Amino acid sequence: MSGGLRPLTGGPLPRAVRPLRRLLAGRADTRRRTAPGVGEYAMPAGRRRALSAGLAAATVVTTASALWLGLQVQEQRAAEQRRQDILAAARQSALNFTSLDYRRYDRDSGNVLKGATGDFKKQFAAQTKELTELVARNKSVSEGQVLEAGLVRSGARTARVLVVADSKVTNTAVPKGEARTYRLQLDLVLEGGRWLTSDVEFVG
């Protein structure tokens with residue numbers, strides 16, 4: 001084979017091409033190694049969709065829970081505020097009822113009527129003239145102080161409260177004063193955004 005084509009299995013040309021082959025082989029190998037690597041760490045589309053759906057569901061649950069807790073807190077705050085409003089109205093009514101001064105009876109009886117409604121207001125107003133004469137004749141002074149107040153029951157627009165009150169009473173019979181303790185049961189109704197006393201009863 002001295003005068004024909006020389007095989008590409010040896011000689012200068014194969015030796016010159018060999019580095020190129022290694023380079024090409026290296027690039028090819030690099031691409032092959034990279035591709036599986038990407039395939040191993042890339043998340044499949046189905047799994048990505050499932051993960052997105054799971055995150056969305058978790059977000060919905062978390063949001064719903066937060067809203068529910070928020071509503072519960074608001075309801076508790078509203079209930080507590082309502083309770084405080086009822087007790088405050090009952091305390092003030094009891095204080096007005098046990099704080100009377102013959103020298104300012106028009107003002108004091110007016111305070112009672114401002115926090116009253118229904119039959120209690122009508123009855124108290126009807127007796128105002130007689131009571132004015134009575135306290136003036138006896139020079140009666142009653143200085144009330146509310147000690148305790150507790151909610152017995154309450155509905156949407158009605159409530160009952162027990163109040164314990166002290167009062168120092170002076171009049172012509174006891175000029176030096178006499179301490180008295182009252183237990184009052186007050187029924188209240190919600191009218192025009194205010195809790196008003198509809199009935200007062202001494203229970204002890």
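Is R160 buried, partly exposed or exposed? R160 is partly exposed, at 23% relative accessible area. The model is predicted. Six salt bridges turn up in a search of the whole structure.

- R160 and D187 pair through their side chains in a salt bridge, with an N to O distance of 2.6 Å.
- D187 counts as buried, because its relative accessibility of 14% falls under the 20% cut-off.
- R160, at 23%, is partly exposed.

**R83 and E80: a pair within helix α2**

- R83 and E80 form a salt bridge, and their closest N and O atoms are 3.5 Å apart.
- Both residues belong to helix α2 (residues 45–98).
- They are three residues apart, so about one helical turn separates them.
- R83 is partly exposed, with 36% relative accessible area.
- E80 is also partly exposed, at 38%.

- D101 forms a salt bridge with R104, the closest N and O atoms lying 3.1 Å apart.
- D101 is buried, with a relative accessible area of 4%.
- R104 counts as partly exposed, at 38% relative accessibility.
- In general, side chains of opposite charge can pair when their charged atoms come close.

**The largest nonpolar core**

- The largest nonpolar core holds 24 residues.
- V161, V163, L184, L186, L188 and W195 touch the most other members of this core.
- Helices α2, α3 (105–114) and α4 (118–126) each give two or more residues to the core.
- Strands β3, β4 and β5 (194–202) likewise give two or more each.
- Helix α2 supplies the largest share, five residues.
- In soluble globular proteins, nonpolar side chains tend to be buried together.

**Around V163**

- V163 is one of the core residues that touch the most other members.
- Beyond its neighbours within four places in sequence, V163 is in contact with A90, A94, V146, E148 and A149, among others.
- The contacts of V163 also include Y182, R183, L184 and L186.
- Two of these partners, L184 and L186, are themselves among the core residues that touch the most other members.

Key: Residues numbered from 1 in each chain as written. Predicted model: local features only at pLDDT ≥ 70, side-chain atom pairs only at ≥ 80, totals over all residues. Heavy atoms only, no water. Salt bridge = Lys/Arg side-chain N within 4 Å of Asp/Glu carboxyl O. Helix = DSSP H or I, 4+ residues; strand = E, 2+ residues; numbered from the N terminus. Buried < 20%, exposed > 50% of the residue type's maximum accessible area, 1.4 Å probe, protein only. Core = buried A, V, L, I, M, F, W, Y, C linked by side-chain atoms within 4.5 Å. Contact = heavy atoms within 4.5 Å.
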